[in-house]
Amino acid sequence: GSQYADGGREGRGGSARDERPARRRDGRVELPRGAHLVDEGGLTFEVNFSERLDCGLFLDHRETRSMVRELMKRTPGGSFLNLFAYTGTASCYAADGGAGLTTTVDLSRPSLDWARRNMERNGFVGRNHEFIQADVLQWVADRRHEHRYTWDLIFCDVPTFSNSNRMHASSWDVQRDHADLIISVSRLLSRGGCAIFSCNLRSSSPMSRPSRRPAWSSKTSPPRPSPRTSRATLKSTTPTSSRAVDETKGQSLCLMRR
């Protein structure tokens with residue numbers, strides 16, 4: 001099963017711990033050492049330039065986060081699932097777009113705590129916003145076969161590679177494994193739902209080479225999905241780049257609609 005590090009209440013997506021961020025005497029969410037607050041798209045996020053190599057906010061996903069908010073506005077009160085969520089910035093945008101339920105999943109406890117602080121700073125609190133520490137790949141596989149819950153909008157920002165010893169699988173390689181994950185994520189979509197699959201790969205698009213199952217190229221039209229693979233409609237978007245981060249780091253997005 002999913003490798004949860006903490007017990008707690010049973011939420012829509014599995015086990016989750018209901019923990020509020022530390023607060024100062026004036027009631028504001030406590031700011032960790034070395035952290036600063038920045039504004040983006042009318043929301044406030046915590047960044048840290050001195051204590052960590054990763055500052056907490058991926059600049060090359062700024063337009064993608066706005067896309068999440070706009071898509072969520074089309075389903076007021078709908079549900080949002082954030083996979084490989086990091087500091088939960090996409091969850092904040094989804095909640096700002098009117099999501100009635102957000103589920104934020106990541107293997108890292110510090111990242112989830114950071115995500116919780118970002119959500120609370122923007123006024124998104126309560127049991128409808130859950131945070132789950134889990135091996136995302138195994139968690140998705142478990143939810144796929146349970147057939148209990150679905151989400152209206154899913155954002156999946158996968159790492160290029162991981163061999164963390166906390167993962168159920170021996171390793172993750174986006175070039176090799178992306179097709180299976182896309183199929184699994186499509187099973188978690190509500191009828192009429194939409195998923196955004198994103199990855200960053202310097203050398204090539206993650207959709208340009210075969211995986212363990214037949215994949216499709218981001219430069220060509222995707223094939224019509226069969227019932228044996230996916231009932232979702234796949235759509236490739238044009239890869240974009242962010243000069244603010246790295247001109248050679250392309251962002252590949254895949255949109256799926258059910």
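# Close-up views of a predicted model

**View 1. The largest nonpolar core.** The largest nonpolar core has 23 residues, and those that touch the most other members are Leu-81, Leu-83, Val-105, Trp-139, Val-140, Ile-154 and Leu-181. The elements giving two or more residues to this core are β5 (79-83), β6, α4 (136-146), β8 (151-157), α5 (174-186) and β11 (189-200). The most comes from β11, with four residues. A nonpolar core is a set of buried Ala, Val, Leu, Ile, Met, Phe, Trp, Tyr and Cys residues joined through side-chain atoms within 4.5 Å. Buried means under 20% relative accessible area, exposed means over 50%, and partly exposed is in between (1.4 Å probe, protein chains only). Helices (H or I, at least four residues) and strands (E, at least two) are DSSP runs, numbered from the N terminus. This is a predicted model: local features need pLDDT of at least 70, side-chain atom pairs count only at pLDDT 80 or more, and totals for chains, interfaces and linings use all residues. Residues are numbered from 1 along each chain as its sequence is written, and side-chain values use heavy atoms, with hydrogens and water left out.

**View 2. Two tryptophans from α4 and β8.** Trp-139 sits in helix α4 and Trp-151 in strand β8, 12 residues apart, and their pair links distant parts of the chain. Both tryptophans are buried. Their rings form a tilted aromatic pair, with 5.9 Å centre to centre and 50° between the planes. Rings of Phe, Tyr and Trp (its six-membered ring) pair if their centres lie within 6.5 Å; planes under 30 degrees apart count as stacked, over 60 as edge-to-face and the rest as tilted. By this rule there are four aromatic pairs.

**View 3. A stacked pair between two loops.** Phe-58 and Tyr-86 form a stacked aromatic pair, at 4.7 Å centre to centre and 15° between the planes. Phe-58 lies in the loop between β4 (43-48) and α1 (62-73), and Tyr-86 in the loop between β5 and α2, so the pair ties together parts that are 28 residues apart in sequence. Are these two residues buried or partly exposed? Phe-58 is partly exposed, at 37% relative accessibility. Tyr-86 is buried, with a relative accessible area of 12%. Ring pairs also link Trp-114 with Phe-58 and Tyr-86 into a cluster.

**View 4. Gly-56 in the loop between β4 and α1.** This loop also holds Gly-56. Gly-56 is buried, at 1% relative accessibility. Its C-alpha atom is 8.4 Å from that of Phe-45, a residue 11 places away along the chain.

View 5. Seven of the eight residues of helix α2 (residues 89-96) are buried, so the helix is largely enclosed by the rest of the structure. Which residues of α2 are buried? They are Thr-89, Ala-90, Ser-91, Cys-92, Tyr-93, Ala-94 and Ala-95. Just after the helix, Gly-98 takes a positive phi of about 110°. Ser-79 belongs to strand β5 and is buried, with a relative accessible area of 7%.

View 6. How many disulfides does a search of the whole structure find? The search finds zero. A disulfide is a pair of cysteine sulfur atoms within 2.5 Å.

View 7. Strand β6 (residues 101-106) pairs with β7 in the parallel sense, over five bridges. Two strands pair if DSSP finds at least two bridges between them. Together with helix α3 (residues 109-121), the two strands make a right-handed β-α-β unit. A crossover is right-handed if, with the strands pointing away from the viewer, the path from the first strand over the helix to the second runs clockwise.

**View 8. Both faces of β7.** Strand β7 (residues 129-133) is mostly covered, with five of its five residues buried. In a regular strand the side chains alternate between the two faces of the sheet. On one side of β7 are His-129, Phe-131 and Gln-133; on the other are Glu-130 and Ile-132.

**View 9. Arg-117 and Glu-46.** Arg-117 is in helix α3. Arg-117 is buried, with a relative accessible area of 16%. A polar contact of 2.8 Å joins its side chain to that of Glu-46. A polar contact is a pair of N or O atoms within 3.5 Å; within protein, one must be able to donate a hydrogen and the other to accept it, and residues adjacent in sequence count only if both atoms are side-chain atoms.
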